[in-house]
Amino acid sequence: MSDLLTELQWRGFISQHTDLQSLREALDSGPVTFYSGYDPTAPSLHHGHLVQLILMQHLQRAGHRPIALVGGATGLIGDPRMSGERTLNEADVVAGWVEKLRDQIGRFLSFEGDNAAIMVNNLDWTGPLSAISLMRDIGKHFRMGTMLAKESVAARLKSDEGLSFTEFSYQLLQANDFLQLYRTHNCILQTGGNDQWGNIVGGVDYVRKVEGVNVHALTTPLLTKADGTKFGKSEGGAVWLDPQLMSPYAFYQFWINVDDADVEKLLKIFTMLSREEITALMADHQANPGARAAQRTLAAAVTSLVHGEQAATDVQSASQALFGRGEIGALDGDTFRDATAQLPSANLELGRTTIVDALIATGLEKGRSAARRTVAGGGAYLNNVKVTDEDAPITSDDLLAGGRVLIRKGRKNLAVLTTSEK
């Protein structure tokens with residue numbers, strides 16, 4: 001355990017904290033119970049939450065007990081954002097999202113052994129809380145100056161929209177979570193992202209005032225690229241962990257396309273590779289960056305972590321098969337559909353559409369003369385097989401899983417034809 005914080009610092013997990021030396025001593029002296037909270041503001045977690053889940057894995061593997069808190073209560077309120085007031089979701093919607101998040105979180109933690117993880121919902125103790133108790137028992141321990149100084153609160157107060165009392169009160173509820181978990185589970189550490197620092201410290205102060213004990217806080221840096229911009233937006237928006245919101249193939253492609261300048265940092269945070277393995281991998285990558293070995297390792301590891309080893313294997317096979325380095329006919333319909341979802345597409349009329357028609361319809365060529373020249377030059381492929389007869393129609397025998405065929409011009413220009421015919 002003595003090297004745990006050093007390892008977490010090397011991996012980039014530690015930004016702000018209370019007394020780090022005191023926390024080190026607590027972690028070294030025996031198992032510590034810690035928690036991280038996840039509010040159900042959407043039907044899925046995203047890559048930012050994944051940072052916290054992996055941090056929880058590191059701590060649990062070192063022998064400490066994790067508590068995963070799903071905010072059934074705080075999710076109904078909403079933490080103040082810089083950009084404006086949140087939309088308050090209906091209680092039954094939030095309750096459904098709570099269950100989705102519980103299921104996602106449960107896949108990352110172990111619920112067996114001496115340090116088995118615990119899953120809690122803060123609605124259990126916040127729901128019965130009366131307005132009088134909130135004001136009298138909790139509110140009396142908080143000072144307005146401190147609450148108003150919180151960055152998101154101060155920014156919103158200066159905006160035209162202002163800040164509702166609903167969101168302003170959020171920090172009291174989160175602080176009370178820490179107290180409840182300290183009392184029921186002897187939880188002495190809360191982790192979270194840097195944007196939660198003000199709320200987490202509020203909980204630390206609240207526990208100290210009420211119980212007279214010092215508890216700990218630790219936050220991770222917000223992920224940024226080497227150029228300082230925010231990391232984590234895909235073409236479709238957030239990098240969701242739910243395969244219904246972001247397919248495993250799209251998820252894999254997001255990670256494989258990260259910039260060379262960012263890949264080492266991401267390997268440290270999002271994989272369990274050792275220092276020696278990452279050092280060796282980066283040396284190989286720098287010697288031959290075109291092979292993108294670091295990105296491929298990162299993408300495979302994170303996809304396997306989130307979606308399972310089989311899904312990771314499937315999407316890697318699909319990625320290779322699209323460009324003729326694997327057996328495209330072996331792909332299942334869902335994987336092939338996901339792999340070709342962003343490609344240019346056109347409708348296929350079985351028995352009538354030819355390769356020339358396909359090249360033009362999908363935009364890979366601009367006219368019939370150009371399309372014919374591509375075929376004659378050996379640059380047209382149907383399902384990765386070179387086409388030599390420009391007049392041969394595409395038939396049902398050519399259909400791959402999901403009623404699709406893959407068109408390729410040259411080495412890298414891909415498109416897909418689809419049909420509803422069986």
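Is S247 buried or exposed? It counts as buried, because its relative accessibility is 13%. Buried here means under 20% relative accessible area, exposed means over 50%, and partly exposed lies in between, with a 1.4 Å probe and protein chains only.

A word on the model before I go on. It is predicted, so local features need pLDDT of at least 70 and side-chain atom pairs count only at pLDDT 80 or more, while totals for chains, interfaces and linings use all residues. Residues are numbered from 1 along each chain as its sequence is written, and side-chain values use heavy atoms, with hydrogens and water left out.

Back to S247. This residue sits in the loop between strand 7 (237-238) and helix 13 (248-256). Helices (H or I, at least four residues) and strands (E, at least two) are DSSP runs, numbered from the N terminus. The S247 side chain reaches the backbone nitrogen of A250 at 3.0 Å. That is a polar contact: a pair of N or O atoms within 3.5 Å, where within protein one must be able to donate a hydrogen and the other to accept it, and residues adjacent in sequence count only if both atoms are side-chain atoms.

A250 leads us to a pocket. The second largest pocket holds about 1200 Å³ of space. It is lined by 35 residues, and A250 is among those nearest its centre, with Y249, Q253, N257 and A339. Strand 6 (233-234), helix 13 and helix 18 (333-340) each give two or more residues to that lining. Helix 13 has the largest share, five residues. By class, the lining has 16 nonpolar, nine polar and 10 charged residues. Nonpolar covers Ala, Val, Leu, Ile, Met, Phe, Trp, Tyr, Cys and Pro; charged covers Asp, Glu, Lys and Arg; the others, Gly among them, are polar.

How do we define these spaces? On a 1 Å grid over the protein atoms alone, a pocket is an open set of points with protein on both sides within 12 Å along at least five of seven lines. A cavity is a set where a 1.4 Å probe fits but cannot get out, and lining residues have an atom within 4 Å of a point. Points are joined across faces, edges and corners, and volume is the space filled by probe spheres set on them.

Now the largest pocket. It has about 1500 Å³ of space. Of its 50 lining residues, H46, H49, D195, Q196 and L222 are closest to the centre. Helix 3 gives the largest share, five residues. The classes are 18 nonpolar, 22 polar and 10 charged.

Which elements supply the lining of the largest cavity? Helix 1 (4-11), helix 2 (20-29), helix 3 (47-61) and strand 4 (187-193) each supply at least two residues. The whole structure has one cavity of 30 Å³ or more, and the largest cavity has a volume of about 30 Å³. Its lining has eight nonpolar, one polar and no charged residues. T191 is one of the lining residues, and L55 and L59 are also among them.

Last, strand 11 (residues 404-409). Five of its six residues are buried, so the strand is largely enclosed by the rest of the structure. Strand 9 (residues 380-382) joins strand 11 by three bridges, antiparallel. Two strands pair if DSSP finds at least two bridges between them. L382 stands opposite I407. Strand 12 (residues 413-418) also pairs antiparallel with strand 11, over six bridges. There, L406 stands opposite V416. Three residues lie between strands 11 and 12 in their hairpin, where G410 takes a positive phi near 70°.
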